[in-house]
Amino acid sequence: MYEYCKNCVRIPLSSRRQFLSRLGMGFGALGLASLLREDSLFAADSDAGLSPLTSKIPPFPAKAKRVIHIFAAGAPSQVDTWDPKPGLVKYDGQPIGERGVAMPSPFKFERHGRSGIEVSEVFPKLAEHVDEMAVIRSMFTDIPAHEIATVMMNTGSRQIPKPSVGSWAIYGLGTENQNMPGYISLHSGGGLPPGGTQNWGAAFLPGVFQGTSINTAAGPVDKMIENISSPYVSGSEQRRQLDLIHQLNELHAQDLQKDAQLEARIEAYEIAFKMQAAASEAFNVGKEPDNIQNMYGKNAQGRQMLIARRLLESGVRFVQVWAGGWDHHQDIEKRLPERAREIDQPLAALMTDLKQRGMLDSTLVIWGGEFGRTPTKDRNGNANPGRDHNAKGFSLWMAGGGVKGGTVYGSTDEFGAAAVENPVHIHDLHATILHLLGFDHNNLNYRYNGRDFHLTDIAGSSVTSVNVVKGVLA
C-alpha cells in the first residue's frame, strides 16, 4: 500500500511511519517518553484533533483553575498526624477490636489558628495554615494493599486500568500553556511508586492526556528532562522538519484518510518542540531569589515543591508531587517525625507562596496517602513498634480554590480505627475535586468499548452511591 505525493513522490506507508517516528529532531525522552511510546499513546481511538489541550471553560462556575496533589505514599498514620485520639491512652497495651493492642500516639496535639484545629507536633509549620485547610478525618477506601490502594486513589479503580484524576482534569479543561504538558507528575528517584505509571496514565483516554513523569532528583534541567534540546539540529531546522511532517500528513489526509495515531504522534512532537524553551524556564529553580529558595528549603522536597509552584505558575493544569516514606510498620516514634520534617517546611512554604502570589484561591491543594494505619501496634508490637495498614479510616486535607478553610469534616471512632461520621470514600473525594473544577462528576464522560465511562464509576467498588462532600466547600 502506498500514499502518493501530488508531485509523484512515492513513499511506502510503513516507511512513512518510520520516518515520522525516527526523524532526528533531538526530542529523545524529553519527559514525554510515556507520551511518545506507541503502545500507550495509540492505545485509544482518539478524535481529539491537533489541539486536544486547548484551554476550555467548564460547564459550571469553578473556583479552582488548577490542582496540586501531594501524594504521601506509604499511608501516614492518622492518629499521629491529623486525628487526635486521647482515649487510646486509657487502653494502652490492652486488646481493642480484632487488630491487637492499643498504642497511643507518642506525639502531642495542639490547637492552632482561629479555627482551633488540633494538629500533631510533627507538623509545626503546616499547623500555621490550618485556617486554609479542610481536614477530612473520615476517609476510607476498599483494600489496604499499597499498590491497589495507590492506584485506587489516583484513578478510582482497583480492577482494570482507568484514567487518572489528572488525565480526566485536562481532558475536561485542557491546559493554560500549550507549550507544556497539561499534567506533570514529579518524583524524586528511588523507583516508581506502587502501581507505577497507572497512577498518572490516561488508560483509554487519548494518550496526550496522560501525565508526564519527571525525576526531580536527576539534577539540572537537562538531566531531569533528557534531550531537552538537540545537540545536532538547530531550532529553526527542527521547525522546518515539523512543518514538513504537517504537510505530509495533510497530503495523506486528503488523498487517503486521517490517521489518529499519526495525528497524536505529531501533536506530541509539537509539544516536545515547544517545551524546549518553556520547560527549561519552569524547571530552573535557580532563577528564584535566595529568600524564596531558603523559604522552601534547599533539599529534595523543597526543590520539588518550588518546581511544582513554578509549573502551576507557568500554566500546567495538574501537578502531582510524590512525597513517600510513610510506611511505618515499626519505630514510628522516630521515623514518622523524621519524614514529617522533610515535608513540613517545603509544603508550608508552598502554601505561603501561593497565598502571597494570589494563586491559592484558584489552586486546589490536596495532601494525603492511599489509606491509614491501625491504632494498634503492628503484630502486637516489639521494642520499636509501628502501625499496620488500615483501609477503614484515615485523614486527608484540602486547601485553596473553593475549599472552606478552618474546617474539620467527619470523624473516626474513639480509637481512630474506622470512619463513623460522614464517611468519605475515594469516589466522593474525586467527585468533589471535579466539582471544584466546574464539573458534574456524572457528566464528564468518555465513550470507550461501547459504553460511557467517568471517573466515579462505582462498578466493583464497595459503595453504592457517590456524593460531592459539600461540607468542605466554601
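Predicted model: local features only at pLDDT ≥ 70, side-chain atom pairs only at ≥ 80, totals over all residues.
Visitor: Let's start with the whole chain. What share of the 474 residues counts as buried?

Guide: The protein chain folds into 12 helices and 19 strands, and it exposes about 19,500 Å², with carbon and sulfur atoms supplying 49% of that. Residues count as buried when their relative accessible area is under 20%. By that cut-off, the buried share of the 474 residues is 57%.

Visitor: And of the contacts between residues at least 6 apart in sequence, what share joins residues at least 24 apart?

Guide: Contact here means heavy atoms within 4.5 Å. Taking the pairs at least 6 apart in sequence, the share that joins residues at least 24 apart is 79%.

Visitor: Now the holes. Which helix gives the most to the lining of the largest cavity?

Guide: The search turns up four cavities of 30 Å³ or more, and the largest holds about 60 Å³ of space. Helix H4 (146-155), strand S9 (318-322) and helix H12 (426-436) each supply at least two lining residues. The top contributor, with three residues, is H12.

Visitor: How many charged residues are in that lining?

Guide: Among the lining residues are His69, Asn154, Phe318, Gln320 and His430. The lining comes out as six nonpolar and four polar residues, and the charged count is no residues at all.

Visitor: Which residue's backbone oxygen lies 2.9 Å from a polar atom of the side chain of asparagine 199?

Guide: The backbone oxygen at 2.9 Å from its side-chain polar atom belongs to proline 194.

Visitor: Last one: how far apart in space are leucine 88 and glycine 416, C-alpha to C-alpha?

Guide: Leucine 88 is in the loop between strand S3 (66-71) and strand S4 (109-112), and at 1% relative accessibility it counts as buried. Not counting residues up to four places away, leucine 88 touches Ile96, Ala102, Met103, Pro104, Pro375 and Phe415. Glycine 416 is 328 residues from leucine 88 in sequence, yet the C-alpha to C-alpha distance is 8.9 Å.

Notes: Residues numbered from 1 in each chain as written. Heavy atoms only, no water. 1 Å grid on protein atoms, 1.4 Å probe; cavity = no way out; pocket = protein on both sides within 12 Å on 5 of 7 lines; lining within 4 Å. Points joined across faces, edges and corners; volume = space filled by probe spheres on them. Helix = DSSP H or I, 4+ residues; strand = E, 2+ residues; numbered from the N terminus. Nonpolar A, V, L, I, M, F, W, Y, C, P; charged D, E, K, R; others polar. Polar contact = N/O pair within 3.5 Å; in protein donor to acceptor, adjacent residues only side chain to side chain. Buried < 20%, exposed > 50% of the residue type's maximum accessible area, 1.4 Å probe, protein only. Areas by Shrake-Rupley, 256 points an atom, 1.4 Å probe, with all protein chains shown as cover.
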